Amino acid sequence: VGEGEVYGFLGRNGAGKSTAIRILMGITKPSAGEVQLFGESTRGAPVRLRQRIGYVAQEQAFYPWMSARRLGRFVGGFYPTWDAHVFERACVEQALPLDRAVGGFSGGMKMKLALALALGHRPPLLILDEPISGLDPVQIVEMRKLIRSLGGEHTILISSHILTEVEETCDHLLVLR
């Protein structure tokens, strides 16, 4: 995958998209072969490799009592390159209330918050697992525009089982069967 590209993993449910992402993240060990990120093997996925990745899972699990701002401070503690201004600007641009408890956020708002958190440490690589899952049609269009605007600045990997999603968002495509 080339630097600055938006690259899609397309495949049916169960094709292995999320498994491939878990291998990239060092969560799951490959049964064969080797995966490299930034020219290094992901075996054991050193922390320094994972800190260069912004990851958005398909489903979000936040502390519901925390505000977006407080959640940003909490997550920021894990990243030496955390930039609160980048995180808060991403929240403001997506019309997310910074001081409201995230337990009251809609599914779309939680997905946008997850993306803002993933951007907060200025990672060169974003991995988005089914980023439009649970979004309404307007939010889907907004998310596509946002992802396209991040291409070039970040290398982006998107997993999806929706053909129109990858057609309208990605520069390149890998189909998993």
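Leu 113 touches Phe 62, Ala 68, Leu 71, Phe 87, Cys 91, Leu 96, Val 102 and Phe 105, leaving aside residues up to four places away in sequence. The model is predicted. Leu 113 is a buried residue of helix α5. Together with Leu 115, Leu 113 has the most contacts inside the largest nonpolar core.

**Nonpolar cores**

- The largest nonpolar core has 38 residues.
- Elements that each supply at least two residues of this core are β1, α3, α4, α5, β5, α6 and β6.
- Helix α5 gives the largest share of this core, with nine residues.

**Helix α5**

- Helix α5 covers residues 107–119, which is 13 residues.
- From first C-alpha to last, α5 reaches 19 Å, close to the 18 Å expected at 1.5 Å a residue.
- Eleven of the 13 residues are buried, so α5 is largely enclosed by the rest of the structure.
- The buried set includes Gly 108, Met 109, Met 111 and Lys 112. It also includes the run of Leu 113, Ala 114, Leu 115, Ala 116, Leu 117, Ala 118 and Leu 119.
- The cover over these buried residues includes two strands, β4 (53–56) and β5 (125–129). It also includes the helices α3 (68–76), α4 (84–93) and α6 (137–150).

**Largest pocket**

- The volume of the largest pocket is about 590 Å³.
- Its lining has 23 residues. Tyr 55, Phe 62, Val 75, Tyr 79 and Leu 117 lie nearest the centre.
- Two or more lining residues come from each of α2 (47–50), β4, α3 and α5.
- Strand β4 gives the most to this lining, with four residues.
- By type, the lining divides into 17 nonpolar, four polar and two charged residues.
- Leu 117 of this lining is also a buried residue of α5. Phe 62, another lining residue, is touched by Leu 113.

**Second largest pocket**

- The second largest pocket holds about 430 Å³ of space.
- Its lining has 22 residues, and Val 1, Leu 37, Leu 125, Thr 155 and Leu 157 lie nearest the centre.
- β1 (6–10), α1 (17–24), β2 (36–37) and β6 (155–160) each supply at least two residues of the lining.
- The lining divides into 13 nonpolar, six polar and three charged residues.

How values were computed: Residues numbered from 1 in each chain as written. Predicted model: local features only at pLDDT ≥ 70, side-chain atom pairs only at ≥ 80, totals over all residues. Heavy atoms only, no water. Expected span 1.5 Å × (residues − 1). Buried < 20%, exposed > 50% of the residue type's maximum accessible area, 1.4 Å probe, protein only. Contact = heavy atoms within 4.5 Å. 1 Å grid on protein atoms, 1.4 Å probe; cavity = no way out; pocket = protein on both sides within 12 Å on 5 of 7 lines; lining within 4 Å. Points joined across faces, edges and corners; volume = space filled by probe spheres on them. Nonpolar A, V, L, I, M, F, W, Y, C, P; charged D, E, K, R; others polar. Core = buried A, V, L, I, M, F, W, Y, C linked by side-chain atoms within 4.5 Å.
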